[in-house]
Amino acid sequence: MSTDGLIVVDKPGGMTSHDVVARIRRLAKTRRVGHGGTLDPMATGVLVIGVGRATRLLTYVIGAGKSYAGTIRLGQTTVTDDAEGDVTATVPAGQVTDEAIRAALAGLSGEVDQVPSAVSAIKIDGQRAYKRVRDGESVELPARRVTISRLEVLAIRRTEPDVVDVDVDVTCSSGTYIRAIARDAGLALGVGGHLTALRRTAVGGFTLAEAATLDELEQRAPDVVNLPLDAAADRFFARREATPDEARVLAHGGPLDPAGLTGPYAVFGPAGGLIAIVSERDGRARAEIVLAPA
């Protein structure tokens, strides 16, 4: 079986995304492994891993929309905006009504300018924001435009007197911080908030239904790739078939005539193998990345 392809992993809690990459490198017996979008150690769920030439597809995976199931705790603020950080403030939230909670979350959906959590992997002058915070610096990150297309309240639970736990289902654009939604909901309600649980349920078209646990991958090793490169590209992109002449030109980085497809899209050769990911601009179809074997 080809070692080039994608693996949809169900990441366990307590591991970083880089920890998972390190494990896959050992199982797949190759160094050429990467991930398609960081999950915090606390979070679980879909983490798309690229192996071999498929690591070059990960830039598109990172930019794909994502879905999450999470729990927001109102009444407590933490330094990290999630349960991994120390509590910095408490305000009794028992009096906050269900209607107010739903209204606050509704106000955070759609196209919004979201300030990422200060304890994030975003770089400031070459250094990760979370490292600056841990070194005692005060960090303020600029807002970024994100789209939260779905923010549904699944349950509001009042099992403790001074906090309220809110289970939510979120579908959003790349770059959205669910921790920031928890923080901003707490701010809007005047009681503070943070994220206590997070599970990523989908990245693009990849869902938990096809995700494998690390234990399952361990048992299959080194046969861990479940979406070979060609199949992965076919799943993720629109498809164009190339003639033999077009295949030769494209494999050497040359442009093709446009096909009128909105890109990027995948171009396959006459034998069915993936040649390149292409986008159309200036009247030509040009390769963004060439993936045909050397």
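Contact, as the word is used in this tour, means heavy atoms within 4.5 Å. The model is a predicted one, in which local features need pLDDT of at least 70 and side-chain atom pairs count only at pLDDT 80 or more, while totals for chains, interfaces and linings use all residues. Residues are numbered from 1 along each chain as its sequence is written, and side-chain values use heavy atoms, with hydrogens and water left out.

The C-alpha trace spans about 70 × 45 × 40 Å along its principal axes, and the secondary structure comes to eight helices and 18 strands (DSSP runs numbered from the N terminus, helices being H or I with at least four residues and strands E with at least two).

Next, select residues 98-106, helix H3, together with residues 178-189, helix H5, whose axes come within 9 Å and cross at roughly 125° (axes are lines fitted to C-alpha atoms, for helices over the stretch in contact, and angles run from 0 to 180 degrees between N-to-C directions). Show the side chains here, and Ala100, Ile101, Ala104 and Leu105 of H3 will be seen to meet Ile181, Ala185, Ala188 and Leu189 of H5.

Finally, select residues 237-291, which UniProt lists, in an unreviewed entry, as "domain: tRNA pseudouridine synthase II TruB subfamily 2 C-terminal"; such annotations may be inferred rather than shown by experiment. The end C-alpha atoms of residues 237-291 lie 14 Å apart, and the span is 15% helix and 42% strand.
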